[in-house]
Each structure stands twice: as C-alpha cells, then as structure tokens.
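Morning, everyone. Please look at the screen while I talk.

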Amino acid sequence: GINAEYGVPTDDSAKYSYTADEAGTYNFDLVEATVKAIRCGGKFAQNVESGDRVGVILDRTCMYAEQGGQIYDTGYITVNNSDSGILINNIQVKAGYIIHKGIVEGSLSVGDIVKISFDEDRRRKIMNNHTA
C-alpha cells in the first residue's frame, strides 16, 4: 500500500511557521527536508533527470497543498550542495502525503536533502484572502 512505499505521512506543520513584522508583512522560515519518494511516468523512481515531470514526496514541507478550496503554493525545491532542483507548479495531497509536482532541473534522487522555498508574494495574497 501507499504507506509501505512512502513511510509516514508528510509533516506539513512548518507551513504555519512564520512571523509578521509591524507592517504586517509575513516572513517565512525555509525548511530542509529529505526526498522520500519520486513518482515519474506513473511509477516509482529512485533517480530522475532534467526535463522529467515528477511528483515528489518529502518527509516534511512548508508548502500548502490544494485542498478544501485552498490555493496551493508554487516554488522551488533545491538539492543541497548542488545546482539541481525542481520547479514546483502544483501541490496535491493524497492519503496524507503531500505531492510536490514539477519539472526536474539537473538530477534528483530518493534520499537527497533539499531546501524548500516558495513564492512568498503568492502566499501572502492567499493568506490575505483567507483572513480578510
């Protein structure tokens, strides 16, 4: 089943990890995570390369997935100590796992340590929509 492939569901508590300054501007924490699984071409892959369209599952994330009318984040996942990464253009949730979808630049492997950054302006607009 899905649990055997992916391990424990994604810890997304870091999406709430932010501070707001006196001007009401949100400042977000960058998160490091480990690649737990990669889907490519409808099956699991250990390694993917430039141009591959993938869905990546991490052990933790600070990105919002699309659910309950919530708009998903977009952003970039960078492999530590390399120029490789994934341009994330969609985020879905399935059985508690958050799937970061995008196109690989360089190479990516299961077990890689990555840094997650997202489009903060987009997130601020989303947050303002929800709190207004």
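I will go through the strands, then the charged pairs, then rings, a histidine and the cysteines.

Ground rules. This is a predicted model, where local features need pLDDT of at least 70, side-chain atom pairs count only at pLDDT 80 or more, and totals for chains, interfaces and linings use all residues. Residues are numbered from 1 along each chain as its sequence is written, and side-chain values use heavy atoms, with hydrogens and water left out.

Strands first. Two strands pair if DSSP finds at least two bridges between them.

Start at strand E3, residues 31–40. Which strands does E3 pair with? One is E11, antiparallel, over 4 bridges. Another is E6, also antiparallel, over 5 bridges. There, Val35 has Leu58 of E6 as its bridge partner. Then comes strand E4, residues 43–45, which is antiparallel to E3 and joined to it by 3 bridges. E3 and E4 form a hairpin with 2 residues between the strands. In that hairpin, Gly41 takes a positive phi near 60°.

Now E11, residues 113–118. Strand E7, residues 75–79, pairs with E11 in the antiparallel sense over 5 bridges. Gly75 finds its bridge partner in Phe118 of E11. E11 has two faces. Val114, Ile116 and Phe118 make up the covered one. Ile113, Lys115 and Ser117 make up the uncovered one.

Keep Lys115 in mind. Lys115 in E11 is the bridge partner of Glu32. Their side chains meet too.

That brings me to charges. Side chains of opposite charge can pair when their charged atoms come close. I count a salt bridge when a side-chain nitrogen of Lys or Arg is within 4 Å of a carboxyl oxygen of Asp or Glu. How many salt bridges does that rule give? The count is 4.

Take Glu32 and Lys115. They form a salt bridge, with the closest N and O atoms 3.3 Å apart. Glu32 sits in strand E3 and Lys115 in strand E11, so this pair ties together parts that are 83 residues apart in sequence. Glu32 is partly exposed, at 38% relative accessibility. Lys115 is partly exposed as well, at 37%.

Next pair: Arg123 and Asp73. Their salt bridge is 2.6 Å, N to O. Arg123 lies in helix H2, residues 120–131, and Asp73 in the loop between strand E6 (53–58) and E7, so the pair ties together parts that are 50 residues apart in sequence. Arg123 is buried, with a relative accessible area of 0%. Asp73 is buried, also with 0%.

Stay in H2. Asp121 and Arg124 meet in a salt bridge of 3.1 Å, N to O. They are 3 residues apart in the helix, so about one helical turn separates them. Arg124 counts as buried, at 18% relative accessibility. Glu120 joins in: Glu120, Asp121 and Arg124 are linked in a network of salt bridges.

Now rings. A charge sits over a ring if NZ of Lys or CZ of Arg is within 6 Å of the ring centre and within 35 degrees of the ring normal. Arg39 lies over the face of Phe44, 4.6 Å from the ring centre. Arg122 lies over the face of Tyr72, at 5.1 Å from the ring centre.

One histidine. His100 is in strand E9, residues 97–105. His100 is buried, at 0% relative accessible area. What does its side chain touch? The side chain of Thr61, in a polar contact of 2.8 Å. A polar contact is a pair of N or O atoms within 3.5 Å; within protein, one must be able to donate a hydrogen and the other to accept it, and residues adjacent in sequence count only if both atoms are side-chain atoms.

Last, cysteines. A disulfide is a pair of cysteine sulfur atoms within 2.5 Å. That rule gives 0 disulfides. Cys40 is buried at 18% relative accessible area, and Cys62 is buried at 1%.

Methods: Buried < 20%, exposed > 50% of the residue type's maximum accessible area, 1.4 Å probe, protein only.
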